[in-house]
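Hello,

Here is the structure I promised to pass on. Please open it first, then read my notes below.

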Amino acid sequence: MEIYKIAAVGIILVILVAYLKSINQELAVIAGIASGLLILILSFFYVREFVAFFKELAEGGGIDGGAIKLTLKIIAISYLIEFSSGVADDFGQSSLGEKICF
C-alpha cells in the first residue's frame, strides 16, 4: 500500500508545481526538482526490497554475485541518466537533456 502513498504524493506535487508555474517559473523548476528527489527518497525502500529480491533470485539460481552487482549498477546508472535528462528538460534545456540520454 506504500506505492499508493507515493502516487498520491506525486499527484499532489504535480498540481503544486503546475500552480507555481503560473506564479513563478523559476520557483516551479526548483519545486519540480525537489519533488523528484522526494519521490526518489520515498521509493528508496522499494529499491532496497528489489535489490534483496534480486540477490535472493541470484542465490537460488546459482548466479555469481559479481554479475548481480554489475546488473544493479547498470540499472542505477540508467535511472540516474534518465533523471538528469528530465531535470535538464525541466530547465528548458531539452537539447541538453537529449544529449544526456544518448
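**How the helices pack**

Helices α2 and α4 are roughly antiparallel to each other (the word applies to angles over 145 degrees). This is a predicted model, where local features need pLDDT of at least 70, side-chain atom pairs count only at pLDDT 80 or more, and totals for chains, interfaces and linings use all residues. Residues are numbered from 1 along each chain as its sequence is written, and side-chain values use heavy atoms, with hydrogens and water left out.

Helix α2 covers residues 25-42 and helix α4 residues 65-90. (Helices are DSSP runs of H or I, at least four residues, numbered from the N terminus.) Their angle is about 160 degrees, and their axes lie 10 Å apart. (Axes are lines fitted to C-alpha atoms over the stretch in contact; angles run from 0 to 180 degrees between N-to-C directions.)

From α2, Val 29, Ile 33, Gly 36, Leu 37 and Leu 40 take part in the contact. They meet Tyr 79, Phe 83, Val 87 and Asp 90 of α4. (Contact means heavy atoms within 4.5 Å.)

Next, α4 and helix α5 (residues 94-101) pack at about 170 degrees, axes 7 Å apart. That makes α4 roughly antiparallel to α5.

**The rings**

How many aromatic pairs does a search of the whole structure find? One. The ring centres of Phe 50 and Phe 54 are 5.4 Å apart and their planes are at 50 degrees, so the pair is tilted. (Rings of Phe, Tyr and Trp, its six-membered ring, pair if centres lie within 6.5 Å; planes under 30 degrees apart are stacked, over 60 edge-to-face, the rest tilted.) The two residues sit four apart in helix α3 (residues 44-61), about one helical turn.

Best wishes

Technical notes:
Angles under 35 degrees count as roughly parallel, over 145 as roughly antiparallel, 65 to 115 as roughly perpendicular and the rest as oblique.
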